[in-house]
Amino acid sequence: MLKIEIDDGSGFCFGVTTAIKKAEEELEKDSCLYCLGDIVHNGMECERLKHLGLTTINHEEMEQLHGVKVLLRAHGEPPETYELAKRNNIEIIDATCPVVLQLQKRILRQYETCPEAQIVIFGKPGHAEVLGLVGQTQSHAIVVAHFEDVMGLDYSRDIYLYSQTTKSLDEFHRIIDYIQSHISPKATFKSFDTICRQVANRMPNISRFAKRHDLVLFVCGRKSSNGRVLFNECRRVNPNSRLIEGPDEIMPEWLEDINTIGICGATSTPKWLMEQCRDKIMAGTVQ
């Protein structure tokens, strides 16, 4: 008999849960609410909130708005966004994750204290959270996406290293080791472990989960940075892992000669979506 298990540790993190709750609360009071960027990197959850009245906008569209409410998602925003809101009489509903907000403040203090130093952020260039972090330094921070990128730093100058909250701990520590071994004796190097433990702890948990099953269905929006990291870990320990955005992407040939299926997801994956995937398999309607 086929057994299907949904990972208890998967699903929205605290920051995403709070942002969605704030959106729902505001929409109950007022049918007009804008969100700057996708509230979560999951198309189906965004569509659900759209039906409730949430309108997703970009920065250019926000510039044309006046006297409305705009929700800032968990990723956070640079200071320029708040300045724009003030100019345009826009009420900000701030759902920035507390972990991200604290990181923004730390980087701002560091930049104000040592503006001549290299503030380095280990993160994905162009990611919403990273843009908010870089904005604290008037765009002077250096973003390194991969270990190899740190080789281009100036090791004769001070380096203060931070990380996007959802990056890999292992790669972050590898970067630290490299900088420590190359920094000039006359320069200062300090690193700050700013990776969210709620996210980081999912790596070992999801690894154990993936090992237990013949097939792993990782449910996640393809724009999710965190989801890509977690899915790669699933695939590392279980090559029979599949990334899907929803139940319609499940292929019948995946289910042949399978005894156990594990369904898991990213911090941007709603539990209801994982349950839909389970229900479709159990109903035998995968085509």
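This passage walks through the overall build of one chain and then a few local spots in it.

The structure is a predicted model, so local features need pLDDT of at least 70 and side-chain atom pairs count only at pLDDT 80 or more, while totals for chains, interfaces and linings use all residues. Residues are numbered from 1 along each chain as its sequence is written, and side-chain values use heavy atoms, with hydrogens and water left out.

The chain holds 11 helices and 12 strands (DSSP runs numbered from the N terminus: H or I of at least four residues for helices, E of at least two for strands). Its radius of gyration is 21 Å, close to the 19 Å that the globule rule gives for 287 residues, so the chain is as compact as a globular protein of that length. That radius is taken over C-alpha atoms, and the rule is 2.2 Å times the number of residues to the power 0.38. Along the principal axes, the C-alpha trace spans about 65 × 50 × 25 Å.

As for what is tucked away, 52% of the 287 residues count as buried (under 20% relative accessible area; exposed is over 50% and partly exposed in between, with a 1.4 Å probe and protein chains only). The accessible surface comes to about 14,000 Å², and 49% of this belongs to carbon and sulfur atoms (Shrake-Rupley method, 1.4 Å probe; for residues, only the protein chains shown count as cover). Among contacts (heavy atoms within 4.5 Å) between residues at least 6 apart in sequence, 71% join residues at least 24 apart.

The buried residues of α10 are S225, N226, G227, L230, F231, E233 and C234. Their cover includes the helices α8 (197-200) and α9 (202-211), along with the strands β10 (215-219), β11 (241-244) and β12 (260-265).

Two loop residues have backbone angles worth a look. Most residues other than glycine have a negative phi. N89, however, has a positive phi near 55°. It sits in the loop between α4 (79-87) and β5 (91-94), and at 60% relative accessibility N89 counts as exposed. S139 also isn't a glycine, yet its phi is positive at about 65°. This serine lies in the loop between α6 (128-134) and β7 (142-144), and S139 is exposed, with a relative accessible area of 54%.
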